[in-house]
Every structure is written in structure tokens, then in C-alpha cells.
Amino acid sequence: MPPKRKGAIAGFAGSSAATASSKRTKPAAPVDDDSSDDYSTDSASEIEDLAPPEGAVRTKKALDKATVNAVVNRFTLDSPAVTAAPAVRTRDSVSHLFNKHDFAYLHMKPDHASRPLWINPENGIIVLESFSPLAAKAQDFLTTIAEPMSRPTFLHEYKLTPHSLYAAVSVGLDPRDIISVIDRFSKIPVPEKIIQFITNCTGSYGKVKLVLKDNRYFVESNDPAMLQRLLQDPIIGPARIQGGDAGSGVIKESAPKMGALVIPGTKNAAGTAQLGGAAAAAEKKAAATAAEDVFASVTGLGDNDQDDEDEDEDAVHSFEIPSGEVEKVQKQCLDLGYPVLEEYDFRNDRKNSNLDIDLKPQAQIRSYQEKSLSKMFGNGRAKSGIIVLPCGAGKTLVGITAACTIKKSVVVLATSSMSVVQWRQEFIKWSNINPEQIAIFTSDNKDKFRGDAGIIVSTYSMVTNGRNRSHDSKKMMDFLQSREWGLLILDEVHVVPASIFRQVVTSIATHSKLGLTATLLREDDKITDLNFLIGPKLYEANWMELADQGHIAKVQCAEVWCPMTPEFYSEYLREPDQRKKVLHYIMNPRKFQAAQFLIDYHEKRGDKIIVFSDNVYALKAYALKLQKAFIYGETPQSERLKILENFQLNDKVNTIFLSKIGDTSLDLPEATCLIQISSHYGSRRQEAQRLGRILRAKRRNDEGFNAFFYSLVSKDTQEMFYSSKRQAFLVDQGYAFKVITHLSGIENLPGLAYSTLAERKELLAEVMLQNSDAGAEEGDDFDGAKNLSYNANMKKRGAKYKRSMGRLAGVSGGDGMAGPLVWRMLLDARV
Ligand SMILES: Nc1ncnc2c1ncn2[C@@H]1O[C@H](COP(=O)(O)OP(=O)(O)OP(=O)(O)O)[C@@H](O)[C@H]1O
């Protein structure tokens with residue numbers, strides 16, 4: 001049986017630049033090209049200027065970014081709106097050491113030691129003591145109201161931002177509760193400035209909702225005065241449909257009860273929900289842990305309080321607007337400072353046919369998957385937004401469970417045709433969907449599903465590239481655009497340019513959107529666009545917590561410093577061509593030796609190793625010299641499959657070399673060790689995605705198992721700088737990078753390559769003979785300006801990573817584990 005390769009092959013279809021340019025050259029006859037959707041940072045700009053899809057039905061035009069930013073900027077801690085009187089600062093003998101960071105004026109509460117967090121009044125950063133008994137509770141709360149910034153072993157950092165507070169309100173939190181819970185967890189009374197910031201942000205966000213019921217649009221609010229204010233507006237007022245259900249055009253009804261919905265695959269779905277109220281309550285009580293008691297005593301918010309709150313029924317007021325006015329009303333609300341939340345009341349949608357889909361009984365979603373979905377369905381409706389889970393943590397099943405909850409027609413968009421096939425297979429594996437009701441729309445497949453409701457899985461490029469559509473493809477697009485969809489699942493949202501989302505969300509009429517990603521970061525800082533094009537971040541899992549629970553592998557990360565040989569270094573310094581400079585540090589013989597040594601060592605330990613190189617010249621040179629298989633953009637599909645199959649099943653093939661086409665979605669659970677010899681400058685996203693290839697290691701639950709991630713860096717070259725920038729995201733997730741300056745025993749490796757000066761000189765001569773193109777990455781145009789801008793950014797912000805001293809075991813929280821022991825034996829680790 002062929003091995004599972006999720007999107008493996010995703011990137012295997014050629015380079016991003018080649019794809020982008022091929023989209024521009026018109027072939028003789030219309031041909032659908034979805035061969036690659038490699039939306040790397042560089043390809044993004046190429047794709048941005050694709051024409052909008054032909055005949056796209058503009059349902060709701062995306063909000064103008066300037067307006068969005070204007071609103072967001074209104075709510076910063078420095079804005080005039082935040083007018084708290086400056087705190088009275090008393091200076092003492094050490095104040096000068098701290099300058100404006102002297103927070104001695106914030107008096108600690110008497111029982112501060114038992115409270116786990118502290119909040120910076122100047123910038124809204126919250127520091128959490130992750131070792132506190134209340135940390136788990138506080139963490140749940142903080143991930144709802146703030147952005148996780150950094151979560152290493154002992155102290156976590158979160159930041160309150162307008163977007164995070166917007167997301168908090170969107171899952172039903174009240175600003176008073178936010179302030180009171182922070183206060184109960186906090187070592188200091190919540191600073192007045194923070195209270196004002198929270199009140200200002202939440203005062204405007206989430207007050208107004210746009211709800212689709214029976215395919216009629218309603219502007220909804222709990223606050224009748226708010227609706228009156230909107231109705232008095234010269235643009236919104238006239239848009240109201242006069243004489244709606246309630247005659248006056250304002251309808252009053254009961255708010256849905258929180259938690260009334262049961263998400264499939266959860267414990268509730270399995271039985272608790274069916275228990276009578278009293279039995280369920282008793283079960284809940286019995287499950288209360290000691291930690292919860294501590295929580296209650298410190299916060300004063302026991303479960304009973306929560307239950308009481310749940311029982312409160314707020315009236316909901318609404319008025320109806322025609323679908324043609326939706327965009328205008330949305331924009332005007334935003335201008336007034338009341339951004340509109342979008343929710344889908346799918347249980348009352350009787351116009352769109354139901355889809356017969358449920359999770360299979362054996363499908364049990366994991367606690368973090370359930371938590372993420374509860375943020376989406378918290379009040380019984382579907383909120384649009386983004387769920388962030390580490391690579392290999394099961395985003396696909398989260399998407400499938402969302403579809404099983406909504407039970408309406410679904411569109412899934414993925415980044416490559418292989419991912420599309422994978423998504424369909426996973427739907428069939430986890431749910432009882434009739435295979436005829438799930439269709440694929442790619443260049444090879446354009447069948448519709450059977451029946452009134454169904455699922456279409458396609459790629460972003462199939463849906464947005466309107467230039468050269470074949471007849472069948474046009475028909476399929478018409479089908480996609482002519483009907484309403486209950487849910488749009490957007491896979492790997494971090495790689496797709498905002499302009500593509502804009503085209504997608506404006507051309508496919510969908511009631512709710514779910515974005516999925518592991519790394520919600522972009523080097524081009526276009527993340528804020530996603531907040532408004534898809535929705536706020538609903539949930540972000542903690543990588544370390546998932547690793548501790550065995551859902552993803554524990555990984556030891558190391559940066560191996562490889563000194564340049566004198567002859568390579570003097571050429572490197574002398575070389576004026578940037579690309580050739582790069583080639584010199586990638587082809588550094590000491591780096592080659594380190595790779596050879598690590599491959600040898602890990603193969604002997606029984607590991608399966610992936611070696612990544614963005615540079616194809618180096619990829620081939622290393623692989624050929626070491627006699628290992630390699631795959632890059634030009635490797636034919638059949639050969640790729642053969643290599644990957646051998647890697648998985650053949651115990652003689654334990655190492656493969658991959659270019660960056662294997663960065664994402666590659667599902668090789670056999671891989672346990674990763675060695676990176678060349679990479680995409682300072683890309684934090686690539687580093688995290690590559691790490692993701694070993695997070696799903698099959699052996700992750702073996703006692704003391706660790707996967708290994710080595711980044712080989714040529715010392716005293718530009719590569720050192722890029723490497724530190726690349727690690728920033730993973731360091732924030734709690735990974736500690738050990739610096740290894742010498743691999744003990746390397747000198748004694750039999751057959752060590754380039755051990756004589758003559759061999760090294762020969763290699764240098766070969767490298768010098770290469771033209772500048774050999775130094776370029778696969779499918780990448782070297783962009784000196786971008787290169788420099790990374791430098792400038794780093795100077796501006798300062799490097800965020802820290803190099804660790806001492807033992808890796810300690811810093812990675814892995815004391816006493818077998819992994820670090822192996823390291824200590826193997827590596828003479830010194831800083
Ligand atoms: N609740 C679950 N129970 C059992 N297996 C699960 C569960 N959730 C996910 N898995 C399995 O975990 C593996 C990884 O899942 P998936 O491919 O969806 O990860 P991912 O988050 O999309 O990763 P990537 O970002 O690397 O694509 C799959 O083999 C999947 O079947």
C-alpha cells in the first residue's frame with residue numbers, strides 16, 4: 001500500500017517562481033493549472049496581481065484596510081482615548097537602574113505569591129508564572145483574551161491587543177468579567193490604564209453582530225440603545241427593512257443559551273449530553289479538582305458562579321437589512337467604531353439543505369481540538385476565525401469536526417492538489433460522508449457532488465486564477481458561485497496572500513469561515529489582514545503542552561556552528577556576488593563534515609533523517625557525495641513516490657535530502673531527525689514548518705523519545721544572523737536551541753570527507769567555477785533589497801532569541817530524559 005503523504009508532494013510540483021510566471025504566459029488552449037500553490041513569501045507578491053475571478057458574484061466586499069487600521073489604531077495604549085491619570089511614581093535608590101521600567105509604584109497585593117500573573121501598564125504585556133498551581137486556569141483565560149507572545153519553560157508572555165480583545169468578546173466574554181478575572185489572577189491591582197484600554201476596545205467590538213438567519217441578514221445587539229444609535233445613522237437607518245417581523249423593524253428575542261450545542265467527537269457527544277441535568281451537574285461536581293478549588297478561592301469564580309451566569313438570558317434585539325446593503329452597513333458600522341461580528345445561526349438555517357455528515361464513532365477529538373472548536377461554536381452559532389495548532393496536531397480533523405457540527409455544504413481550499421486529495425481521504429476516514437457527496441475540483445477533476453448538499457475540495461489557485469479556465473472549470477466555478485455554502489475551510493492560511501483571500505471570500509458566498517494554520521506569522525506583516533478577511537484568531541495551542549501530552553514529539557533543537565576553512569573564508573570575504581557568497585558558506589567543507597557525522601551517528605541510532613537544503617546545487621552535491629537519495633522540484637513524480645516509499649519502508653534507506661518543496665504538509669511519521677544545511681534567509685515560518693516534519697514522529701510516545709533538529713551554520717558569516725532570526729518563533733513556543741561548537745569524535749569518523757587540504761581546495765575550485773545562479777534557492781530570485789531589509793528589521797527590533805549556556809537538558813525542561821543523555825555523550829556542547 002502506498003504510504004500516506006499528506007500534500008507531500010504538495011510542494012513537489014516545481015518552483016514558486018516558475019508557477020507564478022507560468023500563470024502569466026498564456027497557453028494556446030485554456031488549461032487549469034493547480035500543479036503548485038507554493039505561496040512562499042516570494043511567490044506571494046507574484047500572485048497578488050492575479051486578476052479577480054471571472055464573473056465573480058460579489059456578495060460582500062472586503063473591508064477597506066485603511067478604515068480597519070484607522071479603527072484599530074484608535075485603541076492603543078498610547079491613544080488619547082486612554083486617558084488614565086499618570087501613576088504617581090516614587091523614586092528610590094535603585095530607580096535609576098530601571099528608568100521608565102521602574103514599576104515599584106505598582107504595589108503588590110498581600111497574597112501576591114499565590115497569584116500567577118503580572119501586567120505591564122505601559123504596553124499591556126502580561127507575564128504568567130507557568131509554575132503556579134493556577135497557571136493552567138490562567139493560561140486558558142489568557143489565550144482567550146490576549147495574544148501568546150512567548151511560552152518558554154517558566155515565564156510566559158501574553159499581550160493584550162485590540163484584536164485579542166475583539167476575539168475575546170467574540171467568544172462571549174464581557175469586559176467587566178475580563179477585568180475582574182485579570183484582577184483576581186494578578187499580583188497587582190489592574191492598572192487604571194489597562195482597565196480603560198480593555199473598556200475602550202471591548203466597548204466597541206462585539207456589540208453589533210451580523211447574523212444570517214433563513215438567509216436573511218440581521219444586525220443584532222444585546223443593547224437596544226446601540227441599535228437605536230445605528231438606526232439614527234443616515235446610512236444605516238434607511239437600509240433597515242421596514243416592518244420586519246416585529247412591525248417596528250426591531251425584533252426582540254431570547255439569546256441562545258451558551259453551550260447548548262454538542263460538538264461531535266467530544267465527551268459530551270458520547271454521552272454526557274444525554275444525561276439528565278442533575279446527573280450531569282453531579283458528574284461535573286465530582287470532576288472538580290483541587291486546582292479548581294484553589295482557583296475558586298483566589299478568583300472567587302467557582303463553577304457555580306459560571307452556571308448562574310449561563311442561566312441569565314439576555315434579550316437580543318435586531319433589525320433586518322437586505323443582502324445588497326450588507327457591505328455598506330458593515331463599512332458604516334466600522335467607521336462609527338463598532339466593527340460587526342459575523343455569526344452563522346446554522347441550526348436555524350432552513351433554506352440551505354442539510355448535509356448528512358457525522359464523525360464516525362471511533363473518532364474522538366482531543367482536548368485541545370475540542371477547546372479550539374468550542375471557541376468557534378461557543379454560543380451555539382458558528383463564528384468565523386482562525387484556529388492555530390502546531391504542525392501534525394490534527395488541523396484536518398478540526399476542520400472535519402466543524403463541518404460535522406454545521407452540517408451544511410462545505411468548500412475546502414488547500415494549497416496543492418495533493419493536499420486536496422488528502423483532505424477528501426481524511427473526510428472519508430473520519431466521517432460517515434457518502435463519498436459521492438464529496439467532490440474534488442482540480443485541473444484533473446471537475447465533478448460535482450451528488451444531491452443538494454455536499455463538499456467541494458479545491459485549491460486556492462483553481463478558485464482564484466480566472467484567466468485560462470477550461471469550459472469544465474468555468475462550469476464548476478459557476479456552480480461554486482451560484483449557491484450558498486455553510487462553511488469555507490481555508491487550509492494553511494499563513495502562506496496565501498491576503499489578496500487571494502479577498503478574492504475567495506468575495507466570490508464564494510459562505511456563512512462562516514474557518515482558517516487553519518500552525519504558524520500565524522508572515523514575514524511581510526500581513527497578518528492583520530486575515531483578522532478581517534477571515535476572522536479573529538479563535539485559539540492558539542501551546543506547543544510544549546501538546547508535546548508533554550504526547551500529541552506531538554518532543555524535539556531537541558541545536559544550532560551547530562561550523563567554522564569556515566581558511567581558504568573558503570577568504571574567498572567568501574572577497575566574493576562580491578551575493579549569491580556566490582551564499583554558496584561559499586553552504587558548501588563550507590566543515591559544514592559538509594558536520595552533516596556527514598550527524599547522518600552517520602543518527603543512522604546508527606536507528607533514526608530516519610531528512611536533510612533540508614533550499615539550495616539545489618548544494619542539495620545535489622551533498623547527496624551525491626554521501627550517496628543518498630534526493631528530491632527537488634524537478635524530480636519526476638514517480639521517482640519522488642519511490643524515494644519516499646523507500647524512506648518509509650526500506651531499512652536501507654534512512655536518509656533523504658529534500659529541497660524546500662518538502663517544507664510543508666509532508667507527512668512522514670518515520671522521520672525522527674532533521675538536519676538543515678541551507679534555508680530561506682531569516683524565515684521563522686520555514687523553520688517552524690520544517691520542525692513540523694518531525695513532530696509527528698510515530699515513536700513519539702516511546703519512553704524517553706526525542707526527535708532531533710539540527711541547523712548547520714557557517715560561523716562568522718551572514719548565515720549566523722539569519723539563523724538567529726529563524727529561531728525566534730520556535731523560541732517563543734518554548735524550544736531551546738543549544739549551540740554546539742564542536743561535535744566530539746568528528747575527527748575520527750572513518751571516511752570523513754574533505755579532510756585533506758587538497759580535497760578542500762578542489763571543492764573550492766568547483767564552487768568558484770559555478771555561476772551566480774548556483775547560489776540561488778530553488779525557484780527563488782535573490783533579492784538583495786529584501787536581504788537588507790531583514791538586517792534593518794533586526795537592528796530595529798533587536799534579536800529576540802537567547803542563546804543558552806550550560807546543559808541542553810536543563811534549558812529544554814528535559815532533565816532526566818534519555819534524549820539529552822544521548823546528546824551529552826555525542827556532543828561536546830560548549831558555548
Ligand atoms: N483526535 C485524533 N485522534 C487520532 N488521530 C488524530 C487525531 N487528530 C489528528 N490525528 C492524526 O494526527 C496526524 C496529523 O494530523 P494532520 O495531518 O491533520 O496534521 P496537521 O495539523 O494538518 O499538520 P500539518 O500542519 O503539518 O499539515 C494524522 O495522522 C491524523 O490522523
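The domain assignment divides the chain into domain 1 (101–204), domain 2 (207–242 + 314–344), domain 3 (353–549) and domain 4 (553–775). Domain bounds of this kind come from an automatic or database domain assignment. Residues are numbered from 1 along each chain as its sequence is written. The model is predicted, and local features need pLDDT of at least 70, side-chain atom pairs count only at pLDDT 80 or more, and totals for chains, interfaces and linings use all residues. Between the C-alpha centres of domain 2 and domain 4 there are 55 Å.

Next comes the ligand. There are 18 residues around the ligand, and C391, G394, K395, T396 and L397 come nearest; a residue is near a molecule or strand if its C-beta atom, placed from the backbone, lies within 6 Å of it. Domain 3 (353–549) and domain 4 (553–775) each supply at least three residues of this shell. Helix α17 (residues 395–406) gives the largest share, three residues. Helices (H or I, at least four residues) and strands (E, at least two) are DSSP runs, numbered from the N terminus. Sorted by class, the shell has six nonpolar, seven polar and five charged residues. Here Ala, Val, Leu, Ile, Met, Phe, Trp, Tyr, Cys and Pro count as nonpolar, Asp, Glu, Lys and Arg as charged, and the others, Gly among them, as polar.

Two pairs of helices remain. Two packed helices are described by the angle between their axes and the distance between the axes. Axes are lines fitted to C-alpha atoms, for helices over the stretch in contact, and angles run from 0 to 180 degrees between N-to-C directions.

P175, I178 and I179 of α7 meet I195, I198, T199 and T202 of α8, where contact requires C-beta atoms, placed from the backbone, within 7 Å. This contact has five nonpolar, two polar and no charged residues.

In the other pair, helix α24 (residues 566–574) packs against helix α25 (residues 578–586) at about 165 degrees, with axes 9 Å apart. Helices α24 and α25 are therefore roughly antiparallel. Their crossing is left-handed, with the near helix turned anticlockwise. F568, E571 and Y572 of α24 make the contact with K581, H584 and Y585 of α25. These residues divide into three nonpolar, one polar and two charged.

Methods. Angles under 35 degrees count as roughly parallel, over 145 as roughly antiparallel, 65 to 115 as roughly perpendicular and the rest as oblique. Two residues are in contact if their C-beta atoms, placed from the backbone, lie within 7 Å.
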